[in-house]
Amino acid sequence: MQIVESVQDVRKIRHVESKFVWGLVPTMGALHAGHMSLVNMARSDCDRVLVSIFINPIQFDDPTDLEAYPRTLDHDLNLLREAGVDLVWTPTPEIMYPAGFQSSVHVNVLTRSLEGAHRPGHFDGVTTVVAKLFNVTQPHYAYFGQKDAQQVAVIKQMVRDLNFNLEVVVGETIREADGLALSSRNKNLAPAERQAATVLSRALFAARTAWTHGARDAEHLRQHMRGIISAEPLARIDYVSVADPLTLEEQQGEVRNALLSMAVTIGETRLIDNVMLLEQ
Ligand code: AMP
């Protein structure tokens with residue numbers, strides 16, 4: 001496994017191995033089984049697997065969140081080596097954003113709701129860095145997790161709009177046995193908070209069950225989820241949403257297909273999760 005920092009080194013390797021099919025898995029490190037499921041998908045689809053590890057400062061709207069973000073590079077590299085990854089790119093912030101950097105990629109409508117409404121500038125940071133990752137690494141396939149459902153929608157839109165010559169592949173959300181979606185931020189939860197954090201998946205699964213049994217009113221589903229989260233003293237709701245899965249706009253009235261999603265802060269740690277409801 002090769003580990004490189006500079007854009008030139010990635011380009012050189014990518015060029016020498018240009019006859020192969022390349023898969024890219026973009027990450028911010030602190031790797032867990034959710035990341036590794038994407039790596040394994042890439043490993044089985046592609047000849048060459050490239051993983052980027054970069055904590056992208058411009059997608060953090062809150063400096064304390066950036067500072068608190070876990071960093072476990074040695075552990076990450078061991079996991080990636082064991083998984084048979086070919087190339088790891090670990091650029092520094094100065095490599096990604098040298099002095100004088102002034103460009104940005106903006107996806108318009110899809111970024112207005114949900115995370116976009118609550119984290120100003122977040123998606124501009126995401127699309128800008130992902131566009132750079134795509135341009136440098138030129139993958140045939142790029143892997144993203146459904147855990148970040150709006151991110152997937154926004155990146156697919158960017159790929160369509162800007163004619164990136166690659167296919168976005170989406171991996172299902174990997175969860176702990178008790179339902180908690182794996183997240184690098186889970187490392188920051190104290191034991192009592194870790195217990196409380198199951199409230200996100202409990203609320204989502206309860207709403208999904210209610211929907212399956214015929215509860216189709218959007219506001220009813222939102223209230224159902226809110227009620228479950230409110231019963232957890234360590235949890236503070238940022239938003240609870242029943243949105244159209246394509247437009248990500250909030251739904252009213254009868255729900256057929258929906259993206260149920262939420263952001264909830266447990267102690268100091270902001271967590272997100274979602275489930276998709278699709279009629280057969
Ligand atoms: P991050 O390092 O948090 O930026 O995540 C890197 C990639 O891993 C993103 O595409 C995430 O959506 C994906 N990911 C994060 N958590 C999970 C999970 N629990 N299951 C599947 N994919 C995930």
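How many of the residues of strand β8 (residues 258-266) are buried? The count is 9 of 9, so to speak a mostly covered strand. The model is predicted.

A258, L260, M262, V264 and I266 point one way, and all are buried. L259, S261, A263 and T265 point the other way, and these are buried too.

The table sets out the two pairings.

| Strand pair | Direction | Bridges |
|---|---|---|
| β7 and β8 | antiparallel | 8 bridges |
| β8 and β9 | antiparallel | 9 bridges |

I237 stands opposite V264 in β8. On the β9 side, I266 faces T269. V264 and I266 point the same way from β8.

β8 and β9 form a hairpin with 2 residues between the strands. In this hairpin, G267 takes a positive phi near 65°.

L234 sits in the loop between α11 (218-230) and β7 (235-243). Is L234 buried, partly exposed or exposed? Its relative accessibility is 37%, so L234 counts as partly exposed. The cut-offs behind that label are under 20% for buried and over 50% for exposed.

Which residues does L234 contact, leaving aside its neighbours within four places in sequence? They are A192, E193, A196, T265, I266 and G267. Two of these contacts, T265 and I266, belong to the buried residues of β8. G267, another contact of L234, is the hairpin residue with the positive phi.

A197 is 37 residues apart from L234 along the chain, yet their C-alpha atoms are separated by 8.6 Å.

**The cavity**

Rolling a probe the size of a water molecule over the atoms shows where empty space is left. How many cavities of 30 Å³ or more does the structure hold? There is 1. The largest cavity contains about 50 Å³ of space.

Its lining is made up of K147, L180, A181, S183, N186, L200, L271, I272 and D273. By type, the lining residues of the largest cavity divide into 5 nonpolar, 2 polar and 2 charged. K147 and D273 are the charged ones. S183 and N186 are the polar ones.

Which strand gives the largest share of this lining? Strand β9 (residues 269-277) does, with 3 residues. β9 is also the antiparallel partner joined to β8 by 9 bridges.

Note on methods. Residues numbered from 1 in each chain as written. Predicted model: local features only at pLDDT ≥ 70, side-chain atom pairs only at ≥ 80, totals over all residues. Heavy atoms only, no water. Helix = DSSP H or I, 4+ residues; strand = E, 2+ residues; numbered from the N terminus. Buried < 20%, exposed > 50% of the residue type's maximum accessible area, 1.4 Å probe, protein only. Contact = heavy atoms within 4.5 Å. 1 Å grid on protein atoms, 1.4 Å probe; cavity = no way out; pocket = protein on both sides within 12 Å on 5 of 7 lines; lining within 4 Å. Points joined across faces, edges and corners; volume = space filled by probe spheres on them. Pairing = 2+ DSSP bridges.
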